[in-house]
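Welcome! Here is a short tour for anyone meeting this structure for the first time. Have a look at the sequence and the model, then read on.

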Amino acid sequence: MVYTLICTLYTLDDPACIQKVKNKLIEASRIYSKDKETLSWLVMQDVKDPRMFKVVERYLEEGSQKYHLANPYQKTFDPWVMPFLARPIEVLRHEELDTSRDVVVE
């Protein structure tokens, strides 16, 4: 079952901070997308609130996160990004539903 994290980052109310976090997330996506058992590492910016970013991390399974956490870049990401955030990073954990089979909806 695909293991998915949805992370919310909310920046300080400063256009320079917004741009820095945006660039850092793009960089992180390009790096983390190459990790073993990472299916995708997507970054998004809210269409109404430019301070809000979402990261959708999709892994083959929950244990696949170990490769992400072992990436040397991981040790630098949080310390770099935290000073530009207005609140702590929110992390939601999910397992994707299997949509490969027909179901009966009653």
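Why is β3 largely enclosed by the rest of the structure? Of the 8 residues of β3, 6 are buried, so the rest of the structure largely encloses this strand; buried means under 20% relative accessible area, exposed over 50%, and partly exposed in between (1.4 Å probe, protein chains only).

This is a predicted model, in which local features need pLDDT of at least 70 and side-chain atom pairs count only at pLDDT 80 or more, while totals for chains, interfaces and linings use all residues. Residues are numbered from 1 along each chain as its sequence is written, and side-chain values use heavy atoms, with hydrogens and water left out.

**The overall picture**

- The protein has 3 helices and 4 strands; helices (H or I, at least four residues) and strands (E, at least two) are DSSP runs, numbered from the N terminus.
- Read from the N terminus on, the elements follow the pattern β-α-β-β-α-α-β.
- Along the principal axes, the C-alpha atoms fill a box of roughly 50 × 35 × 20 Å.
- Of the 106 residues in the protein, 36% are buried.
- Among contacts with a separation of 6 or more, 72% are between residues 24 or more positions apart; contact means heavy atoms within 4.5 Å.

**The sheet**

- In general, strands of a sheet pair through backbone hydrogen bonds, either parallel or antiparallel.
- Here, 4 strands form an open sheet in the order β2-β3-β1-β4, with antiparallel pairing; two strands pair if DSSP finds at least two bridges between them.
- At the edges of this sheet are β2 (38-45) and β4, each of which pairs on one side only.
- Neighbouring strands of this sheet are turned against each other by 15 degrees on average, direction ignored; the axes are lines fitted to C-alpha atoms, for helices over the stretch in contact, and angles run from 0 to 180 degrees between N-to-C directions.

**The partners of β3**

- The antiparallel strands β1 and β3 are joined by 8 bridges.
- Y3 has Y59 as its bridge partner in β3, and Y10 stands opposite M52 in β3.
- On to β2: 7 bridges join β2 to β3, and these two strands also run antiparallel.
- A hairpin of 6 residues leads from β2 to β3.
- Two bridge partners in β3 are F53, which belongs with Q45, and K54, which belongs with M44.

- Helix α1 lies across β1, β2 and β3, and runs at about 165 degrees to β2.
- I26 sits in helix α1 and counts as partly exposed because its relative accessibility is 40%.
- Although I26 and M44 are 18 residues apart in sequence, their C-alpha atoms are 9.3 Å apart in space.
- E37 belongs to the loop between α1 and β2.
- With a relative accessible area of 24%, E37 is partly exposed.
- The phi angle of E37 is near 65 degrees, a positive value in a residue other than glycine.

**A closer look at S64**

- S64 is placed in the loop between β3 (52-59) and α2 (65-70).
- S64 counts as buried because its relative accessibility is 0%.
- Apart from its neighbours within four places in sequence, S64 is in contact with K36, E37 and Y59.

**The largest pocket**

- Rolling a probe the size of a water molecule over the atoms shows where empty space is left.
- On a 1 Å grid over the protein atoms alone, a pocket is an open set of points where a 1.4 Å probe fits, with protein on both sides within 12 Å along at least five of seven lines.
- The volume of the largest pocket is about 270 Å³, taken as the space filled by probe spheres set on the grid points, which are joined across faces, edges and corners.
- Its lining has 17 residues, with C7, E57, H68, Q74 and D78 nearest the centre of the pocket; lining residues have an atom within 4 Å of a point.
- At least two lining residues come from each of β1 (3-10), α1 (15-32), β3, α2, α3 (72-81) and β4 (90-95).
- By class, the lining has 11 nonpolar, 3 polar and 3 charged residues; Ala, Val, Leu, Ile, Met, Phe, Trp, Tyr, Cys and Pro count as nonpolar, Asp, Glu, Lys and Arg as charged, and the others, Gly among them, as polar.
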